[in-house]
Amino acid sequence: VAGVFVLFLLGALGLALGLTRGLRLEAGSGRTVLFSLGTRNSFVVLPLALALPAEWAVAALVIVLQSLVELLGMLVFLRLAPRLLPAAR
């Protein structure tokens with residue numbers, strides 16, 4: 001499942017770069033698009049997953065795993081964003 005979340009982040013990165021270049025957005029706007037596409041509201045649905053019957057306990061585990069992958073992905077994005085979307089001088 002973690003691989004799917006990593007692929008999602010890579011897809012978000014590619015889409016953000018494509019939109020930024022295609023729409024000729026400034027670096028700040030492009031970075032906003034990048035981080036907006038890369039993050040999801042997994043902690044919003046975690047209480048719902050915890051309220052599910054015991055047979056569905058794996059759903060909470062998947063949501064926590066998604067959150068961890070997303071957090072690590074945002075750390076990577078923090079390093080990549082200035083290189084991939086440099087500010088105009």
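Colleague: How many aromatic pairs does the count come to in this model?

Modeller: The count comes to one aromatic pair. The rule is that rings of Phe, Tyr and Trp (its six-membered ring) pair if their centres lie within 6.5 Å. This is a predicted model, in which local features need pLDDT of at least 70 and side-chain atom pairs count only at pLDDT 80 or more, while totals for chains, interfaces and linings use all residues. Residues are numbered from 1 along each chain as its sequence is written, and side-chain values use heavy atoms, with hydrogens and water left out.

Colleague: Why is the pair of Phe35 and Phe77 called edge-to-face?

Modeller: The planes of Phe35 and Phe77 stand at 80° and their centres are 6.0 Å apart. Planes under 30 degrees apart count as stacked, over 60 as edge-to-face and the rest as tilted. The angle of 80° is over 60, so the pair is edge-to-face.

Colleague: What makes this a link between distant parts of the chain?

Modeller: Phe35 belongs to helix H2 and Phe77 to helix H4 (residues 57-84), and the two are 42 residues apart. Helices here are DSSP runs (H or I, at least four residues), numbered from the N terminus.

Colleague: Are Phe35 and Phe77 buried, exposed or partly exposed, and how do you know?

Modeller: Buried means under 20% relative accessible area, exposed over 50%, and partly exposed in between (1.4 Å probe, protein chains only). Phe35 has 23% relative accessibility and therefore counts as partly exposed. Phe77 has a relative accessible area of 4%, so Phe77 is buried.

Colleague: Which residues does Phe35 touch, leaving aside its neighbours within four places in sequence?

Modeller: Phe35 is in contact with Met74, Phe77, Leu78 and Ala81, where contact means heavy atoms within 4.5 Å.

Colleague: Why is H2 called roughly antiparallel to H4?

Modeller: H2 and H4 pack at an angle of about 165°, with their axes 10 Å apart. Axes are lines fitted to C-alpha atoms, for helices over the stretch in contact, and angles run from 0 to 180 degrees between N-to-C directions. Angles under 35 degrees count as roughly parallel, over 145 as roughly antiparallel, 65 to 115 as roughly perpendicular and the rest as oblique. The angle therefore makes H2 roughly antiparallel to H4.

Colleague: Which residues of H2 and H4 meet?

Modeller: Arg31, Leu34, Phe35 and Gly38 of H2 meet Glu70, Met74, Phe77, Leu78, Ala81 and Pro82 of H4. These residues divide into seven nonpolar, one polar and two charged.

Colleague: How do you know that H1 and H2 are roughly antiparallel to each other?

Modeller: The axes of H1 (residues 2-22) and H2 (residues 27-38) come within 9 Å and cross at roughly 155°. H1 and H2 are therefore roughly antiparallel to each other. In this contact, Phe8, Leu9, Ala12, Leu13, Leu15, Ala16, Leu19 and Thr20 of H1 meet Gly30, Val33, Leu34, Leu37 and Gly38 of H2. They divide into 10 nonpolar, three polar and no charged; Ala, Val, Leu, Ile, Met, Phe, Trp, Tyr, Cys and Pro count as nonpolar, Asp, Glu, Lys and Arg as charged, and the others, Gly among them, as polar.

Colleague: What makes Ser67 and Ala60 buried?

Modeller: Ser67, in helix H4, has a relative accessible area of 7% and is therefore buried. Ser67 is in contact with Ser42 and Phe43, leaving aside neighbours within four places in sequence. Ala60 also lies in helix H4, and with a relative accessible area of 11% Ala60 is buried. Leaving aside such neighbours, Ala60 is in contact with Leu46, Ala49 and Leu50. Ala60 and Leu50 are 10 residues apart in sequence and 5.9 Å apart in space, C-alpha to C-alpha.
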